[in-house]
Amino acid sequence: MKSFKTYISILKSVKNRATKFFVFLVIAIVSLFLQAYMHNYNIVFLMMFFLVAIAGASSIFGMLNLYYVQVKLLSYARFFAGTVSTYKILVTNESDNPAYDISITSNEQTQHIKAIEPHYAQTISLEVKFNKRGEEELQKIKIHSLFPLPHELKYKYIEMDKKVVVYAKPSGMPLLKFYSKNNSINGEIDEFEGIKKFSQGDNLSYIHWASLAKNDSLMSKNFIYEDETKKLRFNFKTMSGDDEDKLSQLTLWVIECEEHSFDFSIDLESTILDSKKMSTNEILEAIAKY
Amino acid sequence: MKSLKQLLNIKAPSSSRLLDIAIILSIIPHLFVMKSFMILYMLIALIFILKKEKSDRDKYILMAIGFILIAVTFFNDYNFSSFSRIQFFVSLVSSLLIYAITLQKLTQEINIYLKISPALLMLLSFFFFESISMLVYSIFVLFVFVLLTVWSRMDAKLIDVLKLTSQLFVLSLPAVVILFLVFPRISFEKADFGFKADSYSSSGYEGKMVVSSKEIRLSNKPVMEVLFKDANISENNLYFRASTLYTQDGLEWKRGLRSKKADNLVEKKNIINYDITLYPHGDKWIYSLDMPTYALKKTKLNDDYTLTSEKPIYEKKRYKLQSALSYKLYSKDLSNALEVDIQKSKRTYKALKGLKALHVKDATKAMLLLKFFKDQNLSYTLKPKGTNLEDFTDSFLFESKNGYCVHFASAFAQSARMLGIASRVVTGFKSGKENMIQNYLLVKRSDAHAWVELYLGDDGWVRFDPTTTASQNLDILQNTQNQAASQNTVFERINLNFMYVKYIIDSWILDYNRLKQMAILDKLLNDTLYLLKFIFSILALILVTFLIYINIKSPECKDELMCEMNKLLKILKGYNVVKNDNETMEVFLKEAEIKLNIPLLEISEIYHTLKYAKSDKPLELKRLVYKITMLKNRDVAISKV
């Protein structure tokens, strides 16, 4: 037995909106009314009353169906400005009865779940696109359903209450290409003995560009001597382009460094972002919030 | 059973199939009123629709066939003059709608018009039928429509959809009942829609009486249903008059030519109000209790106080009548109530000479005449034998001495006229309390009866039933009637109860109107006890609805083991021993055993055996159920102590 408070809570949280089928229902009731009223047609009266009562009862069922459906943010990939990113939510049915015909809408994208078993959860992936970098909030999610009868749409909003950092859009010249053009990099020694296959962790400055150009294979020089203290250093001030372009470029390079496990540091005017001291996400965040 | 289980476990069919089911259900009532050409068209359309490979050509062929057959239906079978405009209009609209549906089905495209077509067809079918079967069918179809609509949105088995739809219906019942009772009605006259009359096509009552020696076969078909406002009506008053017959032409009693002077009903006492539902009989007779006091709209109270309708009765009609059980009915013209041919009844005339010569009142003579009949030792039988119809009265009274009500009435009326007392034969129905439940009386064709009214001066026309003078019933004695009677008694009783329920539904649902509504309102405002009963009934209905809803709602037990263990957990909860979510069953039961000092170890062992068993172990489950039941009984015993 549910308490009165629960019913009040249900009424407050789940809202209704009439659909086009509501118009048909009204027309049906009016037609029955006209047919019944003029000549006291009791069978038709009964049909009319049943329609009205069932429509009302279905409203209650629909609200109960939706009330116990809850949504929780499960995980999300990195959000980049101007790029479609996905995040996962967990849709849970906390009721003792199955929930039917559930639709989840966010950012004009709708996903439909036919049924969720009692005390069962289902994972849904949603897409989102932020146009600007910086701190953003995930939009509230609309859960709606036409169950059990389609004359009314029952819906409720769930606030995600989640602030996320949208990183700058990764764009610009890829890191490897950049190095092939600008090979005056710190830590390079001219004498080397043979070449070997480039493996992860190798210094970027040791790339044998001739092999890359000729054979399209990434080979590195086998130096007799290496300066272990050297790493990639990016300077925001000296980069070309406007601030946004620079930030996008830096974002791209940070991602590529992460992929290849390159150490790097970024001189972001008043801040030095060192990959050995900060995580990639922290660095990206700093770039995004610039 | 297996197939029923399989049926209940089926998942939702396609939306096209669901729509087909709805259309088929909504077309069924129309099949009963459609003309043959329309039915032929539907069969042809069905063949086209079921064809595997369809082409555009099929559509055009069907279109043409449909057009021709509909034209033929409406210009050949129907005579415009015999149907009202609205009946023609409704028939035409339903035929065109079916035409459109079949053509749309052929395109295999489901559009919005096809989706709403079942509702439109049902709406039109209400114009054709108004009966209990239509009421039941309409509710059934509405249930199925709701089920199909819910199923299209519910990815579940049929059994689950049925449960939900039942819940919707059950929850809506109190609102429907309250709305039905209180929704204001306006008192427009009820329209005579409906092309089909009830299936009864009895010849009904003929309004004349023929003295015959043929055997009579009883028919149990209902003639009318009566609901008295007062239950205290005695069996002696259950005479329903139909016609009065004055002149005998050979063996036939007729109404004869009557003067224009009407009878006069005075000193009306013991007024009784009652409703009758007359079954169609194709004539104008309305059978009213002796003696009706007034005529209703579209009826006529004749000068001899019989009631007739303005038009022949071809369908069930309900009337509100009033009769006076105690009355005086006077006539000014008794000329044709004294006509008697003594030559044809010489022996009777001779026997009654002495009685005629007595200087006593007519009332006394009438009682003596009754005694005379009694003394003749007459027998009642539906198979009269040995009666000479040439001199019927003499033969009946002195030779054959057997017959049924027609013979008794004819002989008695003739005899009374020989005594100089004006008499007339009254034909109608005489019912008995065995056909009564509370205030409800079912009058059957077998209750047809004839009696006599004698004019006794200041007392006016007085009823006499000469059939009661019969000393025995030959049919019962010969066991022929009794055998049939004993076999049918139980069935007749069931039938009577069924008719009563049917009558109540007819009266309170199909015929619920403003008058009844006002009557209820009036009673609610003036009778506190009635008001309390009404409120209590509504609350009881809401409670019963809620209980049914809860019962339907209870989720099925999918995990038998956990369902049984939940019972145990509930028992232990009663002792404030509650299992935590993160506690294992083994630990919990061990602790509970120590705390409550009750044996739970074996239950724990069986539970774990079943939980981790690779196959079903029905015996172990039964043992578990048994152990838990024993624990429950012990719990009950302790709580009782």
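This tour moves through a predicted model of two chains, stop by stop.

Local features are taken at pLDDT of at least 70 and side-chain atom pairs at pLDDT 80 or more, whereas totals for chains, interfaces and linings use all residues; side-chain values rest on heavy atoms, without hydrogens or water. Residues are numbered from 1 along each chain as its sequence is written, and chains are lettered from A in the order in which they are written.

**The interface**

Display chains A and B together and select the residues in contact, that is, with heavy atoms within 4.5 Å. On the chain A side there are 38 such residues, and they meet 49 of chain B. The buried area is about 4,100 Å², with 76% from carbon and sulfur atoms; this is the accessible area (1.4 Å probe) that the two parts lose on being put together, summed over both. Next, select Arg153(B) and Asp101(A), whose side chains form a salt bridge at 3.6 Å, N to O. The rule requires a side-chain nitrogen of Lys or Arg within 4 Å of a carboxyl oxygen of Asp or Glu, and it finds one such pair across this interface.

**Helix H11 of chain B**

Select residues 362–375 of chain B, which make up H11(B). Helices (H or I, at least four residues) and strands (E, at least two) are DSSP runs, numbered from the N terminus. The 14 residues of H11(B) reach 20 Å from first to last C-alpha, close to the 20 Å expected at 1.5 Å a residue, where the expected span is 1.5 Å times one less than the number of residues.

Colour by relative accessible area: buried is under 20%, exposed over 50% and partly exposed in between (1.4 Å probe, protein chains only). Lys365(B), Ala366(B), Leu369(B), Leu370(B), Phe372(B) and Phe373(B) are buried. The face turned away from the buried side carries the exposed Lys374(B) and Asp375(B). Among the elements against which the buried residues pack are helix H13 (405–418) and strand S17 (448–455) of chain B.

Step past the helix to Asn377(B), in the loop between H11 and strand S12 (379–380) of chain B. Its phi is near 55°, a positive value in a residue other than glycine.

**Strand S14 of chain B**

Select residues 423–430 of chain B: eight of the eight residues of S14(B) are buried. Strands pair if DSSP finds at least two bridges between them. S14(B) runs antiparallel to strand S3 (residues 239–245) of chain B, joined by six bridges; Val426(B) is the partner of Thr244(B). Seven bridges join S14(B) to S17(B), again antiparallel, and Phe429(B) is paired with Ala448(B) in S17(B).

Move to Leu301(B) in strand S9 (residues 299–301) of chain B, which counts as partly exposed because its relative accessibility is 25%. Beyond residues up to four places away in sequence, Leu301(B) touches several others, including Pro292(B), Tyr294(B) and Leu307(B).

Two peptide bonds complete the tour. Asp290(B) and Met291(B) are joined by a cis bond, with omega about 0°; Met291(B) lies in the loop between strand S8 (288–289) and S9 of chain B. In chain A, the bond from Phe147(A) to Pro148(A) is cis, with omega near -10°. Pro148(A) sits in the loop between strand S9 (141–145) and strand S10 (152–158) of chain A.
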